[in-house]
Number of protein chains: 2
Amino acid sequence: MPNRSLALPQQECADCPIRHRAVCARCETDELEHLESIKYYRKYEAGQTVVWAGDKMDFVASVVEGVASLTQTMEDGRRQMVGLLLPSDFMGRPNREAAPYDVVASTDILLCCFRRSPFLQLIEETPHISQRLLEMTLDELDAAREWMLLLGRKTAREKIASLLSIIARRDASLKNLPSTGEVAFDLPLTREAMADYLGLTLETVSRQMSALKKDGVIRLEGKRHISIPDFDLLLDETGDDTDGGVLE
Amino acid sequence: MPNRSLALPQQECADCPIRHRAVCARCETDELEHLESIKYYRKYEAGQTVVWAGDKMDFVASVVEGVASLTQTMEDGRRQMVGLLLPSDFMGRPNREAAPYDVVASTDILLCCFRRSPFLQLIEETPHISQRLLEMTLDELDAAREWMLLLGRKTAREKIASLLSIIARRDASLKNLPSTGEVAFDLPLTREAMADYLGLTLETVSRQMSALKKDGVIRLEGKRHISIPDFDLLLDETGDDTDGGVLE
DNA sequence: AGCGAGTATTGATCTCGATCAATTACAGGC
DNA sequence: GCCTGTAATTGATCGAGATCAATACTCGCT
């Protein structure tokens with residue numbers, strides 16, 4: 001597979017890698033044409049802040065490529081990631097001017113953007129979009145709630161295993177690969193960002209990564225490339241229910 | 001089983017205490033009439049389970065009175081509350097058959113219910129409802145994210161103070177009272193439920209409640225009635241931005 | 001009254017992850 | 001090659017909250 005080139009900022013919706021997962025998933029060809037006419041692309045490099053908490057956000061967007069994070073910071077500097085946006089995820093709140101959290105590019109990212117007011121209008125006129133947005137928001141709420149279980153009750157080791165399995169699964173699903181047996185992917189997060197996600201310190205993250213490696217659950221090639229010899233082995237470490245995989 | 005032994009209230013939407021906060025908030029009189037014709041009430045006693053995780057949930061509902069909780073349980077018994085439903089909050093997912101979490105009545109509750117399929121139809125036909133539902137879901141997502149910060153980064157004392165201030169605020173807003181100065185309310189949760197909310201043990205909850213009492217931040221009258229001599233004092237203990245820029 | 005079950009408080013001790021600190025790995029610039 | 005700065009690992013110690021355990025409070029019951 002040729003890897004993501006961030007160089008082409010204007011593509012057809014029809015060829016878009018997130019065409020069938022993003023807010024536009026349900027749109028018909030004529031609706032797509034309308035979207036096509038008002039969308040525009042933006043790129044950010046890893047580490048760049050897309051919006052600061054409290055600032056006015058004059059657009060909404062879908063993540064096309066790369067990973068972005070939503071982070072809350074307390075006055076004394078304690079930080080907690082509260083959202084991880086992978087390709088096809090939506091950013092921005094239609095009805096709210098100010099961004100409630102810092103939005104930061106974890107890797108280089110490509111966004112498909114819409115200025116807010118045309119998008120608001122679009123929502124009114126296009127039930128396919130507002131329905132999909134509701135559905136995505138409900139999914140995000142579910143994800144947030146699973147995350148709450150992780151933050152409140154899981155051990156450090158379980159937290160790491162859970163994060164790795166979430167990323168592995170989303171990555172596999174994006175590439176239309178099964179997430180069973182051997183799986184490999186690039187970690188889009190630094191150890192510090194992982195710590196912010198998991199409510200841990202970066203030292204604890206590092207220690208637990210080493211422990212999982214020693215135990216043969218994961219293999220590290222460089223700092224960022226992870227390979228998992230047996231995905232089920234990783235799942236056993238997450239503390240989650242393995243049986244009765246409840247699908248809708 | 002819902003308790004049907006007592007006469008269930010059958011009230012007019014117009015007189016409903018949550019008329020202007022629930023999913024129906026934006027509805028016009030004619031839309032209300034339609035709702036009126038298909039709604040029905042259910043009551044549950046404190047401690048009763050409304051739905052078990054994984055079970056089919058054939059209705060959606062608004063909480064009219066009382067408090068309900070959404071809880072996730074791990075195989076080994078670790079439990080985390082992931083949602084706290086106060087009056088006007090909505091329960092159930094339009095597009096999903098199975099309930100993802102246990103729904104339990106924390107106090108006696110009164111629900112305003114709709115069978116799922118008529119409600120789905122209603123959403124399609126009534127943009128005022130689906131818009132409001134999206135808005136409420138986004139608010140819930142915001143609340144979940146603040147909760148994530150609490151779970152991941154706050155100390156036990158800050159967690160308790162945060163929970164008390166959340167309940168105090170919602171309670172005051174429901175009664176149209178200001179949440180400043182002296183505030184008093186009934187705790188709708190046991191110490192154990194508080195622990196499940198906060199990702200703590202019930203012993204730690206009890207100790208921190210005693211500490212806050214000793215420090216004069218709260219007063220306890222019985223186990224459940226809380227009074228707060230100075231709400232700002234409580235807010236200082238939550239670790240949150242006070243925005244007024246009071247201290248350092 | 002006395003009993004029992006559920007709920008809450010308080011004490012003693014232990015442990016997991018935080019904190020403080022030193023070292024290593026690695027990429028980019030010259 | 002050699003700096004320099006950031007990311008990551010590893011070690012030593014500490015402490016907040018968990019765990020184990022005993023005791024009190026409350027309400028309904030006979």
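Guide: The discussion below takes up one helix and then the contact between two chains. Please bear in mind that this is a predicted model.

Visitor: Which residues of α6(B) are buried?

Guide: They are B:V205, B:Q208, B:M209, B:A211 and B:L212. These cover an arc of only 160° around the axis, so they lie on the same side of α6(B). On the other side, B:R207 and B:K214 are exposed.

Visitor: What covers the buried residues of α6(B)?

Guide: The cover includes α4 (156–174), α5 (191–198), β10 (219–221) and β11 (225–228) of chain B.

Visitor: How is the size of an interface often given?

Guide: It is often given as the accessible area lost when the parts come together. Between chain A and chain B, about 4,200 Å² is buried, and carbon and sulfur atoms give 53% of this. A:R145, A:M148 and A:R153 supply 19% of the area that chain A buries against chain B, more than any other three residues.

Visitor: How many salt bridges are there between chain A and chain B?

Guide: The count is 14. In one salt bridge, the side chains of B:R96 and A:D139 meet at 3.7 Å, N to O. As for the side of chain A that touches chain B, its largest share, 19 residues, comes from α3(A).

Definitions and conventions:
Residues are numbered from 1 along each chain as its sequence is written. Chains are lettered from A and ligands numbered from 1 in the order in which they are written. This is a predicted model: local features need pLDDT of at least 70, side-chain atom pairs count only at pLDDT 80 or more; totals for chains, interfaces and linings use all residues. Side-chain values use heavy atoms; hydrogens and water are left out. Buried means under 20% relative accessible area, exposed over 50%, partly exposed in between (1.4 Å probe, protein chains only). Helices (H or I, at least four residues) and strands (E, at least two) are DSSP runs, numbered from the N terminus. The arc is that of the directions from the helix axis to the C-beta atoms. Contact means heavy atoms within 4.5 Å. Buried area is the accessible area (1.4 Å probe) that two parts lose on being put together, summed over both. A salt bridge is a side-chain nitrogen of Lys or Arg within 4 Å of a carboxyl oxygen of Asp or Glu.
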